[in-house]
Amino acid sequence: MAEVLVLVDHVDGQVKKVTTELLTAARRIGEPAAVWVGEGVESGKAALAEFGAEKVYVAPAEVNDYVVAPKAELLTKLAQDKGAAAILVSATAENKEIAGRTAVKLGSGVLTDVVDVNAELVTEHSIFGGATVTHARVRTGVPVIAVRPNSVVPEAAAGAAAEEAVSVEISDAAKTAKVVERVVQEKGERPELTEAAIVVSGGRGVGSDDFAVVENLADSLGAAVGASRAVVDSGWYPNQFQVGQTGKTVSPNLYIALGISGAIQHRAGMQTSKNIVAVNKDPEAPIFELADFGVVGDLHTVAPQLTEEINKRK
Ligand SMILES: Cc1cc2nc3c(=O)[nH]c(=O)nc-3n(C[C@H](O)[C@H](O)[C@H](O)COP(=O)(O)OP(=O)(O)OC[C@H]3O[C@@H](n4cnc5c(N)ncnc54)[C@H](O)[C@@H]3O)c2cc1C
């Protein structure tokens, strides 16, 4: 069975959930082979094995010293040497650039913002804010596919995760932009938005200086905090918490929308959540079309009561 290369996303050896999603998708196509760049492979290998990686190709340390170009050269070489059936990366801004460069080098095609891929390498894309679904397939060469986080449900399946150091000759052209410093963004106690099992999001209905009502409910549930674009554009909450078409895509078990109308662009980032609860004072708000459970009421009355009840039951 041909190998399917999966570029691993990790933070200091901690494998991100999206990589387990990519390994799950890769198993439909062929034999998953993880590609590891950076330090920490010893810490991350167990997670790769748990989700079916048969091999773990470890890049030379130098690849991580530069921005995207060496990674594209690495993936190109591996795809050629191993006769890979496809290359999967997560659809982050950096990885989409790596995907594009790799496809050019391989003379193949790239598909980005994919939400599903089947055994025949037909990809699914959710476009126009989720209103339309399209399908695509690369017709020439090794497909390079960038899959959106939280699109595939990760399923465990044991793999050997046999480690293999790989060498690659990095061209001078790929060494023009060197990484001079890495700063780890300070993280609070809350889970990462795209990886959280529960997300509590606030919209314009929350008001300009009342976001604590969203944070308190999130904290009672151990949830991540999200926000609509209206909130972010108004400067009420930082833009890395925006959910939607031009923000993050989330797919938690539970999504609680407080004072969010449910515009199509917001829905595009959360409509695959397993359970959706909406609190909105307007019974006609479009979010109720999507919600599994809705409360028509003032969020400033409903959310604190909910928080209190949850805290009491802990
Ligand atoms: C190209 C493009 C991309 C976009 N990308 C995104 C995106 O990524 N994410 C995103 O969110 N939006 C995005 N938008 C914006 C989107 O169209 C909406 O404008 C936005 O989602 C509205 O945010 P909102 O629901 O918070 O505000 P509103 O639409 O103003 O809704 C506020 C809601 O709060 C309710 N409310 C008010 N007070 C209370 C209260 N006290 N208690 C309970 N309910 C109350 C109201 O009834 C209303 O339903 C995009 C738009 C464009 C054109």
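**Helix packing and nonpolar cores**

Helix α5 passes helix α9 in a left-handed crossing. A crossing is left-handed if the near helix is turned anticlockwise from the far one by less than a right angle, and right-handed if clockwise. Helices (H or I, at least four residues) and strands (E, at least two) are DSSP runs, numbered from the N terminus. The model is predicted, so local features need pLDDT of at least 70 and side-chain atom pairs count only at pLDDT 80 or more, while totals for chains, interfaces and linings use all residues. Residues are numbered from 1 along each chain as its sequence is written, and side-chain values use heavy atoms, with hydrogens and water left out.

Two packed helices are described by the angle between their axes and the distance between the axes. Helix α5 spans residues 212–221 and helix α9 spans residues 299–312. Their axes come within 9 Å and cross at roughly 25°. Axes are lines fitted to C-alpha atoms, for helices over the stretch in contact, and angles run from 0 to 180 degrees between N-to-C directions. The crossing angle makes α5 roughly parallel to α9. Angles under 35 degrees count as roughly parallel, over 145 as roughly antiparallel, 65 to 115 as roughly perpendicular and the rest as oblique.

On the α5 side, the contact involves V213, N216, L217, S220 and L221. They meet L299, H300, A303, P304, L306, T307, I310 and N311 of α9. Contact means heavy atoms within 4.5 Å. The residues of this α5–α9 contact divide into 8 nonpolar, 5 polar and no charged. Here Ala, Val, Leu, Ile, Met, Phe, Trp, Tyr, Cys and Pro count as nonpolar, Asp, Glu, Lys and Arg as charged, and the others, Gly among them, as polar.

The crossing is right-handed. From α3, the contact takes in A69, K71, A72, E73, L75, T76, A79 and Q80. From α4 come E94, I98, R101, T102, K105 and L106. The residues of this contact divide into 6 nonpolar, 3 polar and 5 charged.

The largest nonpolar core has 30 residues. Such a core is a set of buried Ala, Val, Leu, Ile, Met, Phe, Trp, Tyr and Cys residues joined through side-chain atoms within 4.5 Å. Buried means under 20% relative accessible area, exposed over 50%, and partly exposed in between (1.4 Å probe, protein chains only). L5, L74 and I87 have the most contacts inside this core. Elements that each supply at least two of its residues include β1 (3–7), α3 (69–82), β6 (86–90) and α4 (93–106). The largest share, 6 residues, comes from α3. Leaving aside neighbours within four places in sequence, I87 is in contact with residues including L5, L75, A79, T102 and L106. A second, separate core of 29 residues includes A49, A86, L111 and L121.

Individual residues complete the description. A161 is not a glycine, yet its phi is positive, about 45°. A161 lies in the loop between β10 and β11 (162–165), and at 4% relative accessibility it counts as buried. D113, also other than glycine, has a positive phi near 50°. D113 is found in strand β7 (residues 110–117) and is partly exposed, with a relative accessible area of 25%. I127 is found in strand β8 (residues 123–127). I127 is partly exposed, at 30%. Not counting residues up to four places away in sequence, I127 touches T132 and T134.
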